[in-house]
Amino acid sequence: MEKTTDYLNTLNDVQKNAVTQSNGPVLVVAGPGSGKTRVLTYRIAHHIHSGVRPDSILALTFTNKAAREMKSRIEEVVGPSAKRVWAGTFHSIFARILRVEAHQIGYSSNFTIYDTDDSKALISSIIKELNLNKEQYNANSIRSRISSAKSSLITPVLYTKNEELLLQDKQNNRPAFKDIYAAYVARCKRSDAMDFDDLLYRMFELLQVNPDNVLDKYREKFQYLLVDEFQDTNHLQYGIVRKLCHYEGSPRNICVVGDDAQSIYGFRGATIQNILDFEKDFQPFGIMVFKLEQNYRSTEHIVQAANEVINFNTRQIQKKIWSDKGQGEKIKLIKALADTEEGKRVVDHLVEQKNRFHFKNIDFAILYRTNAQSRIFEEYLRRYNIPYKVFGGQSFYQRKEIKDLLAYLRLAVNPNDDEALRRVINFPKRNIGNTTFNKIAEKAASLNLPFFQVINQSGLSNRAANTLMQFAALIQDFHTKTTTLNAYELGYFIAKRSGIIDEYKKDKTPEGEGRLENLNALLDGIKIFVEDDLVEENEEGISLDKSLSSYLQNIALITDFDQEEGEVDRVTLMSVHSAKGLEFKSVFVVGLEEKLFPSFMSLEKIDDIDEERRLFYVAITRAEQLLTLSWAASRYKFGQMRYNEPSRFLEEIPEIHFENKPKSNSLFSETTTPTTGSSIKGYFKKEPNFNAQDFGIDPNNFKPSPAASIQPGMDILHLKFGRGTVQSIDGGAANKVATIRFEHLDQPEKRIMLKFAKLQIVE
DNA sequence: GTTGGTATCTGTGGA
DNA sequence: AGATACCAAC
């Protein structure tokens with residue numbers, strides 16, 4: 001096995017030390033592009049080469065993609081035994097363990113996994129049942145508060161004992177939160193369902209309560225632990241990790257890798273505190289700290305700009321990221337007047353770069369703060385015939401038709417799944433309306449049983465009772481077949497037998513056809529799941545499980561992101577959050593405006609601004625060679641035009657790293673366009689071919705009227721053409737075009753797109 | 001119970 | 001602007 005240490009020669013000294021320091025606690029602080037994944041994978045490979053059993057290694061990541069990548073890279077070094085390493089996301093690994101141990105904590109191994117929509121629906125119905133005001137009790141805020149309670153290990157019982165939390169609820173005018181929380185947990189339990197947080201929380205509970213000594217079982221099993229993206233773990237996740245390796249007599253073979261500067265999931269409970277706690281907890285056991293500071297990804301202007309930006313954050317682990325890839329190109333800045341113009345100019349730049357540097361589409365990414373921003377870039381990319389792929393947004397599994405079929409599948413596996421039942425009890429239509437359903441719900445509540453178990457009970461009209469009986473028989477039939485059919489056979493059977501396929505076949509619109517295609521795609525997916533025999537080959541028990549139950553638990557934790565895309569040459573469009581861990585030759589970070597990036601939600605608290613800054617840091621460090629930043633002075637939000645100031649983050653990058661950053665006053669004051677219109681000047685300076693004053697319009701007092709208010713017959717002022725009269729308006733709602741007559745012009749009739757125009761009505 | 005219209009909210013981020 | 005949620009009329 002002389003080949004074994006070849007891989008060490010590809011590492012720098014720090015990386016090598018982090019890889020070979022096999023025993024005891026290790027903290028790796030890894031800057032962007034510093035070879036973090038290499039360290040993790042080689043470290044695991046190194047364990048295996050040193051004789052560690054692959055299945056005693058547990059590597060936890062945040063995304064399936066990261067896990068998959070890790071596995072395949074380990075396999076390159078050590079061969080097929082890499083498959084037996086327990087590498088996966090927190091959620092998927094724990095789901096897998098819980099499936100085996102569920103009975104220990106009052107669940108069945110067929111438990112359902114509620115996604116966010118299920119949770120929200122359940123919370124809404126609880127709010128309704130408790131006769132609470134739904135404005136006062138916003139389901140989304142309730143859900144996220146429940147999530148943070150669970151992530152902080154606060155059960156409903158502990159919650160009611162916590163004066164501080166109760167006081168907060170009182171101050172927020174939500175005194176009944178504790179009741180909603182308790183009801184929510186009970187209802188999930190009643191339905192044999194776990195939400196995403198439960199997969200972590202119940203795992204912790206399992207180890208805490210320790211029935212049948214499971215704790216020892218897993219402590220012995222997992223001798224070597226690794227955690228990727230440690231800065232994104234929450235208190236609960238660290239709690240579980242600590243249970244597994246921080247105890248009397250433990251070898252404490254744990255390695256966590258993270259970068260405090262890239263912590264961007266504070267909103268879901270992630271805390272950098274975990275890094276500090278980790279150091280403290282393992283200090284007495286000879287913790288080794290390694291800092292990976294050399295960036296192998298980006299050229300120097302980019303790296304230095306990133307360093308400068310992140311320095312505005314006060315609390316951080318000191319490190320200096322550097323690159324030896326040469327100065328490289330300076331950063332480009334695009335300043336646009338409006339969101340649409342931003343779209344056009346970004347795509348123009350992209351095309352230009354593509355030609356100049358001979359890049360392929362796949363070398364480019366357009367990164368934005370919110371998914372809603374993708375639309376305009378898509379428009380221009382399509383117009384220029386550039387293939388692209390949008391990541392994020394509504395996922396395949398969130399489409400209505402997919403959720404419908406999945407709900408039936410879920411019911412077949414677990415008839416007690418109340419949220420699934422609620423979804424399909426009257427779809428396709430079988431005349432079971434709210435009245436009937438409410439009776440069922442009441443009955444269920446009074447007996448504390450799942451809906452399905454009270455479906456045949458009393459108090460209903462004959463007609464309703466009859467229909468319900470048929471429905472129950474249908475589900476029962478599906479349920480029985482779960483033991484005889486595999487996932488695909490059953491999926492196909494259910495799709496037909498439930499009437500879903502027929503229902504969507506009735507819809508002859510292109511939309512309906514699309515839905516049908518999606519349903520087929522889902523069934524194909526199930527088929528692939530069934531036919532794929534590359535699944536786990538573990539020594540203990542996790543055999544090739546092709547059951548529907550197993551399928552459902554798998555997909556519940558999968559995102560579109562995980563769908564393998566063949567080698568298609570497309571431009572990537574995604575949120576900055578989803579871009580973490582990726583790299584592109586050329587990156588466009590767009591929408592760099594105050595209230596957007598940084599997000600308006602973050603403006604109040606300095607900690608939140610710091611998180612936005614880390615997000616920006618993540619964004620710019622995705623770029624290898626070219627970085628282009630853009631912002632728009634105005635954009636539509638809620639169907640209304642908003643005027644924006646450039647992001648503070650632009651100012652935080654020193655001018656020397658910019659190719660074309662205008663003097664700061666022209667960038668940051670002249671073009672800002674507050675409602676007074678006083679600073680619209682900057683724009684006019686760039687348009688020397690006209691002078692607004694000529695028409696007696698003072699740009700400082702120019703107030704564009706909303707496009708919707710423009711009507712035929714009105715006299716209007718246009719900044720460029722002066723005073724005119726609206727002749728007519730035509731075109732669809734989104735693309736209204738006004739024909740306006742400006743008498744004083746040589747060609748008086750102008751056709752003006754209302755969407756883009758700035759017109760002020762003359763009173 | 002279903003249908004169609006209107007009111008309301010959203011659009012930080014994601015497993 | 002677009003989706004969803006709710007309500008009144010059928």
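In the predicted model, Glu-229 has a relative accessibility of 14% and counts as buried. Lys-580 is likewise buried, its relative accessible area being 14%. The side chains of Glu-229 and Lys-580 form a salt bridge, with an N to O distance of 3.3 Å. Glu-229 belongs to the loop between β6 (224-227) and α12 (235-245), and Lys-580 to the loop between α25 and β13 (584-589), so the pair ties together parts 351 residues apart in sequence. Both residues take part in a network of salt bridges that also includes Lys-36, Asp-228 and Asp-232. The count of salt bridges in the model comes to 44.

A further salt bridge joins the side chains of Arg-242 and Asp-281 (2.5 Å, N to O). Arg-242 is in helix α12 and Asp-281 in helix α13 (residues 273-282), so this pair ties together parts 39 residues apart in sequence. Arg-242 is partly exposed at 25% relative accessibility, whereas Asp-281 is buried at 14%.

DNA strand B is surrounded by 28 residues, the closest being Phe-267, Arg-369, Thr-436, Thr-559 and Lys-637. Of the atoms of DNA strand B that come within 4 Å of the protein, 47% belong to sugar and phosphate. Phosphate oxygens of DNA strand B lie 3.3 Å from a polar backbone atom of Asn-371, 3.4 Å from a polar side-chain atom of Lys-429 and 3.3 Å from a polar side-chain atom of Ser-578.

Terms used. Residues are numbered from 1 along each chain as its sequence is written. Chains are lettered from A and ligands numbered from 1 in the order in which they are written. This is a predicted model: local features need pLDDT of at least 70, side-chain atom pairs count only at pLDDT 80 or more; totals for chains, interfaces and linings use all residues. Side-chain values use heavy atoms; hydrogens and water are left out. A residue is near a molecule or strand if one of its heavy atoms lies within 4 Å of it. A polar contact is a pair of N or O atoms within 3.5 Å; within protein, one must be able to donate a hydrogen and the other to accept it, and residues adjacent in sequence count only if both atoms are side-chain atoms. A salt bridge is a side-chain nitrogen of Lys or Arg within 4 Å of a carboxyl oxygen of Asp or Glu. Helices (H or I, at least four residues) and strands (E, at least two) are DSSP runs, numbered from the N terminus. Buried means under 20% relative accessible area, exposed over 50%, partly exposed in between (1.4 Å probe, protein chains only).
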